[in-house]
Every structure is written in C-alpha cells, then in structure tokens.
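Subject: Structure for you to look at

Hi,

Here is the structure I promised to pass on. Please open it and keep it on screen while you read. My notes follow below.

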Amino acid sequence: METKFISEFGEDDLSKIKLSIQESNSKVADTMFTKFTLPYDRKIDTNYLEMYGDYSSNESNNLKNKITGYLQIENKVQDAVKFIQSVTGSTVTEQIDYGFDELPNFDKKLSELPLESFDVTDIHIYAKEIAAKKWPETNFNFPRIYSKKYSPDQEMWNSFDGYYNNLKSDGSEMLRNETDSQGNIFNRNIIHPMPHPIYLLSKGFEDAGFELEGDILTDPVLQKKWVFSGTEYFSKINQFSNIHTIRSNESIKSEWMDHINYGNILVFTFGKEEILNFQDLVYINVTFRAKVQGKWTLKFKVRVNGIDIYSHEEYYNEFQDVTKTFQTSVNINFGKISFHVEGAVLGINEGYEIIKYELKSNSIINTTDQTQGFDNSMVDNKNKIDLKKAVPEMTFGEYFNRFKNWFNYDLDIIDKRAIMNKIATEEITNVMDFTEYEHPTPKRTFQNKRSWLIKFSDLDNDEKKDSIFFDSSGQKINGDETEETSVIEIDGYVMPVRLPKENGYNTAIVLKDSTNTLALVDYDGLKNGQNNANATADCDFPELFQSHWYNWLKLRINGQQFEWSAYANIEQFSAYSIKNYVYAYNNVHIIKQWNKEKISDDYYHIDFTTETIS
C-alpha cells in the first residue's frame with residue numbers, strides 16, 4: 001500500500017520506509033491529539049536532493065525544516081507537516097505529524113473567528129431589549145454581573161457600583177455614563193455582551209468548513225449559559241484634568257517698590273500658564289488667597305490667551321487675609337490659560353496656598369500631543385456589537401478542550417460534520433470484532449486501586465470550587481488524590497450568585513480577574529424587569545458528575561489494562577479507528593493507544609494498549 005508525502009516540492013514516496021505511527025484516543029485523555037510518526041531515518045539520495053535541496057552539504061543555507069503538505073496513508077489523504085530534525089552525513093531524520101483535518105483551526109484565536117459585528121442605534125436600549133431574550137433567539141446577551149476589578153478609590157471609578165450591564169431600577173434601559181455641568185464624570189455602567197458557548201463552538205467549526213452536530217447542541221446544562229471574557233470591551237473618552245497649587249514660597253518674581261508709609265516694600269508675583277493642545281469646553285475652578293500688607297493694591301487674575309476673564313484688583317488700607325474664588329467654563333481652541341497674583345504678600349515662608357486651580361475638559365479630547373496629560377476618562381459604551389472583543393484570550397483549541405474536560409465531550413469528524421457527543425452516556429452497541437489480533441499471552445494490569453479526581457482551577461482570594469473524587473467505593477466531594485489517581489482539571493467556572501453589597505442586586509459574581517479563563521453565567525431572560533443572573537449548581541459537583549461523568553467512569557472503574565502485540569494487514573486494519581470499541585479476550589475494550597510499525601509494504605506490527613469496560 002502506497003505511502004506518500006505530497007507538498008509544494010512534489011510527491012515523496014515513503015512506501016519503502018518503515019514508519020512507526022503513534023496515536024492516542026482522546027476519549028481517555030484531556031486533549032485532542034494529532035497522529036504522528038516516530039522519527040525515522042532515510043538516505044539523502046539524488047531524488048531527495050532534487051526535491052528538497054542539498055541537506056547533506058554543511059554549507060547549504062535557507063533549507064526548510066518544516067514543510068506543510070498532505071500524507072497519503074492507508075488509502076486516506078490527510079493534512080500533514082513534515083519536520084526535518086537533523087542531518088548526519090547523508091542520513092536525514094524526519095518526523096511527520098498528520099490528522100490536522102480532525103482538529104480544524106485549533107490554533108486560531110477566538111477573536112479571529114467570524115463573530116457578529118454590527119452597529120446599533122442606541123446600545124443602552126438595544127442591550128435591554130436583548131436581555132429579554134433567550135438562547136437560541138440571540139447569540140449573545142447582557143446579564144448583570146458584579147466585579148471588584150475597578151476600585152471606587154480611583155477617580156475614574158468613584159461612581160461605579162461594580163455592576164456590568166446595569167439596568168435602571170425601572171428596567172427601561174441600561175444606565176448611562178455622563179458628565180455634569182462642571183465636567184465631573186460619572187461612570188455608572190459597563191455594557192458588555194456575552195456570547196453563548198454553543199455559538200462560539202459552532203462558529204469555530206464553521207470557520208473550518210464543518211457543521212457542529214451532536215449532544216452538545218441540546219445539552220440542558222449549556223442552554224442558559226453565557227461566556228464572560230474578562231477583557232476590556234469598552235472604549236475610553238479621555239478627559240483632561242489638572243489640579244495645581246502654587247504656595248506662598250513659590251513666587252516667580254519679587255522686587256522692592258516705594259511705599260507711602262514704609263519707604264520700601266517687597267512686592268511678589270505668583271503665576272502659572274497652562275498650554276492646552278486640544279479643542280473643547282474647559283471648566284475652570286480657582287481659589288486665590290493672600291495675606292497682604294496695608295496701603296497696597298492686590299491683584300488676582302485669570303487670563304485666556306492673554307485676555308482677562310477674571311480680575312480682582314483692590315487697594316487695602318490695612319492688613320487682611322484675602323480669599324477669592326472663581327468658576328467658569330470657556331471654549332478652548334489650542335489656547336493658553338494663566339493664573340496671576342501680584343501684591344505685597346506676607347507670610348512667604350509659611351508655604352500656604354496662594355493659587356489652587358482645577359482645569360477639566362468637558363468630553364472628548366482630540367489631540368496628537370503625547371505630552372498632554374489625561375487623568376480621567378469616561379467609559380464609552382459604543383453603539384456597536386463586536387463579539388471579537390467579547391471573547392476570552394484563548395485559541396479555539398483551548399476553548400474546545402476546556403469544554404471537553406468540563407463536560408466530558410469528545411469530537412468525531414465525519415465528512416463535513418463536527419460531532420460533539422458526551423462520552424458513553426448510552427449503552428455501547430457499536431463494538432467491532434478484534435479477536436483476530438489477540439495474542440495468547442497479553443500483559444494484564446489490574447487497576448483495582450484506580451481513581452479519578454476532577455477539580456476546578458484555583459480562583460482569586462483563595463476561593464475554591466468543590467472537587468469530586470471517584471473510586472471503587474463511590475464518589476466523595478473534595479476527596480484526596482493518591483499516587484494512582486488520574487487528575488482532570490477544569491480551567492473554568494460558573495459564577496455564583498451573591499449579594500455583593502447592601503441595597504445591591506443579587507446576581508453573578510466574578511471570582512477570577514482573568515482574560516483567559518472560561519467564566520460562564522447562567523441567565524435566561526428578564527425576571528421582574530431586571531437582568532440578574534440565576535443561581536445554579538448544574539456545572540458544579542456533585543450535580544455535574546452525575547449528569548456528565550458518572551456513567552463513563554463507572555464503566556472504567558473495575559477495568560483491566562491489556563497490552564499486547566500483533567501483526568496486521570495494512571489495508572484490512574485501515575477499517576479500524578482508535579475510537580472504536582472492540583471485542584477481545586471475551587471483553588469489550590476501549591483502545592487507549594496503539595503504535596503501528598510498518599515492517600513491509602503490506603503489514604504493520606502493532607503494539608496495543610486497551611482497557612476493559614463493563
């Protein structure tokens with residue numbers, strides 16, 4: 001039977017090479033696998049030189065060590081990559097990974113998938129309308145969740161109660177962020193869409209040319225779940241804000257002047273100019289103070305582009321402690337604002353505040369000047385849905401594997417169908433006869449001490465989700481693993497529902513501040529006009545174990561591991577898949593792994609590792 005590697009360089013006949021092919025069954029592993037050949041050696045002959053280049057020369061440059069193509073093997077053509085690992089004299093060592101068509105676009109980021117993106121008229125009203133819907137009426141939703149990510153101690157967040165997708169109390173629309181007449185910003189809401197987990201799986205497979213099918217589409221546990229990304233979905237509108245103080249010991253000028261009573265008197269000048277490289281309405285709030293000697297004129301001034309917009313100029317007959325305040329707003333077009341005090345000021349060494357001002361822009365600052373300071377921002381909930389920005393920072397393969405490990409799913413690619421079914425939830429009937437490959441003396445390993453521990457990854461602030469331990473004695477919440485325990489870790493969690501603050505909303509709470517964690521929210525539409533999340537235990541233990549894991553692990557708990565070898569005709573053996581249940585040694589087995597070594601044109605020598613199930 002022919003074996004060929006086909007690439008841009010041509011057809012490379014590997015039929016005479018004794019390849020060893022290793023493959024593992026994803027049903028008994030925590031990730032999906034490609035198939036691969038173990039490294040093999042071959043001579044660099046004339047055909048090899050003409051096809052790939054002079055790999056035998058120590059002086060050759062720009063030779064590829066990774067070549068993408070196709071592997072024709074066992075009457076099938078599959079996507080493949082050849083790795084050229086090393087060269088010694090005229091011998092080259094290669095390895096081929098193949099079967100990528102069974103793992104479509106697993107390296108693509110979720111944010112690179114063709115997810116929904118469109119404009120809306122008013123996101124505050126649109127999000128409320130979507131919040132009234134359920135899956136599959138909508139592919140995304142806006143449940144209210146609570147997070148401690150943004151501290152109210154920060155100026156930008158001092159009006160934020162911690163709620164994303166915060167509906168008004170009357171349920172009419174999402175709360176809006178705003179500024180008041182003095183330019184003070186009130187960030188009250190982050191509007192953040194949350195895509196449905198099945199929608200993301202469907203789009204991932206659709207992007208690779210497959211249609212998602214199987215148990216996953218109707219899994220009742222997933223119907224009401226939505227994915228929170230933890231990413232910063234919103235934009236920011238910069239606001240210029242500058243508070244500055246000039247003290248009595250910070251004069252910019254002093255000079256002796258003639259005085260009618262005292263002969264000479266020391267007159268001080270204080271001031272500061274701000275250059276504003278933008279166009280906007282600017283709020284000005286200034287307080288002047290001066291301790292002044294009598295019989296002299298005191299001047300307080302605010303100027304915009306050299307023109308007075310405020311002036312206090314008064315002659316004082318006797319000592320006074322003078323304080324004046326001024327507030328206004330002016331339109332600035334790349335202008336200058338300056339503050340000025342002049343007079344016979346006393347208490348120079350006291351360091352009291354002579355001028356204290358605050359400048360604050362009204363809204364958007366359009367400037368290319370990178371030196372311009374922006375100390376506060378408004379959360380801009382844009383009138384747009386862009387789900388590429390609302391997904392966790394992970395690849396599609398990582399996303400798939402987290403669902404696989406959490407909910408015990410497997411994937412089969414048949415033609416253009418991606419079939420995700422729960423593993424062994426129904427009676428096993430499609431068993432293939434394997435008796436012709438039996439060896440009279442297989443190695444049997446008794447697994448009476450075997451056990452499993454399924455646990456969630458750690459969350460923030462020492463929060464932990466319950467794990468489940470399972471062995472021949474049954475299941476136990478938060479049981480301890482042993483040396484023979486197989487550990488399955490779930491990198492994700494469903495947000496619990498709590499009351500985070502007095503007079504707040506009882507809704508989902510973010511337990512891990514992360515952009516690459518699979519965080520789910522349970523939500524199925526408005527309740528009493530509000531979009532609070534549901535409390536649920538269906539994705540936690542012990543409920544999840546009973547619905548998604550128990551039947552499968554019960555089949556395996558008393559199994560024996562078999563290891564043996566056999567010879568097999570390549571063409572006949574190509575009818576088997578590593579995911580087949582097989583009948584051998586008077587038992588039903590699941591194949592865990594096999595290693596196929598090609599010993600002739602027509603035969604393999606195969607090492608099997610299987611496990612009985614009952």
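A residue is called buried when its relative accessible area is under 20%. Keep in mind that this is a predicted model.

Start with helix α3, which spans residues 197–207. How many of its 11 residues are buried? Eight are, so the helix is mostly covered, given that buried means under 20% relative accessible area. The buried residues are Pro-197, Ile-198, Tyr-199, Leu-200, Leu-201, Lys-203, Gly-204 and Phe-205. They pack against several elements, including α4 (396–407), β30 (409–414) and β31 (417–422). Strands β15 (194–195), β16 (211–213) and β17 (225–228) also take part in that packing. After α3 comes Gly-209, with a positive phi near 90°.

Next, go to helix α2, residues 123–131. Its buried residues are Ile-123, His-124, Tyr-126, Ala-127, Ile-130 and Ala-131. Viewed down the axis of α2, these fall within an arc of 165°, so they line one face of the helix. Their cover includes β9 (117–119), β10 (140–141) and β29 (384–386). In the loop between α2 and β10 you will find Pro-136. The peptide bond leading from Trp-135 to Pro-136 is cis, with omega near 5°.

There is another cis bond to look at. It runs from Phe-541 to Pro-542, with omega near 15°. Pro-542 sits in the loop between β41 and α5 (543–556). Asn-528 has its place in the loop between β41 and α5 too. Its phi is positive, near 55°, though Asn-528 is not a glycine. Is Asn-528 buried or exposed? Its relative accessible area is 83%, so Asn-528 is exposed.

Asn-478 also has a positive phi near 55°. Look for Asn-478 in the loop between β36 (474–477) and β37 (485–490). At 41% relative accessibility, Asn-478 counts as partly exposed.

Phe-300 lies in strand β23, residues 296–304. Its relative accessibility is 0%, so Phe-300 counts as buried. Leaving aside residues up to four places away in sequence, Phe-300 touches a list of residues that includes Phe-288, Tyr-310, His-312, Val-322, His-340 and Val-341. Between the C-alpha atoms of Phe-300 and Gly-479 there are 75 Å, with 179 residues along the chain.

Thr-269 is in strand β21, residues 263–275. With a relative accessible area of 11%, Thr-269 is buried. What does Thr-269 touch, not counting residues up to four places away in sequence? The answer is Ser-251, Ile-252, Lys-253, His-340, Val-341 and Glu-342. The C-alpha atoms of Thr-269 and Ala-344 are 8.9 Å apart, although 75 residues separate them along the chain.

Thr-517 is in the loop between β40 (507–509) and β41 (518–522). At 5% relative accessibility, Thr-517 counts as buried. Its side chain makes a polar contact with the side chain of Ser-514, at 3.0 Å. Beyond four places in sequence, Thr-517 touches residues including Phe-228, Met-394, Asp-491 and Tyr-493.

Last, turn to the surface. Tyr-567, Ile-599 and Tyr-603 make a nonpolar patch of about 320 Å². Tyr-567 belongs to strand β42, residues 560–569. At 57% relative accessibility, Tyr-567 counts as exposed.

Best wishes

Notes:
Residues numbered from 1 in each chain as written. Predicted model: local features only at pLDDT ≥ 70, side-chain atom pairs only at ≥ 80, totals over all residues. Heavy atoms only, no water. Buried < 20%, exposed > 50% of the residue type's maximum accessible area, 1.4 Å probe, protein only. Helix = DSSP H or I, 4+ residues; strand = E, 2+ residues; numbered from the N terminus. Arc of directions from axis to C-beta. Contact = heavy atoms within 4.5 Å. Polar contact = N/O pair within 3.5 Å; in protein donor to acceptor, adjacent residues only side chain to side chain. Patch = residues over 30% accessible without salt bridge, like charges linked within 9 Å, V, L, I, M, F, W, Y side chains within 5 Å. Areas by Shrake-Rupley, 256 points an atom, 1.4 Å probe, with all protein chains shown as cover. Salt bridge = Lys/Arg side-chain N within 4 Å of Asp/Glu carboxyl O.
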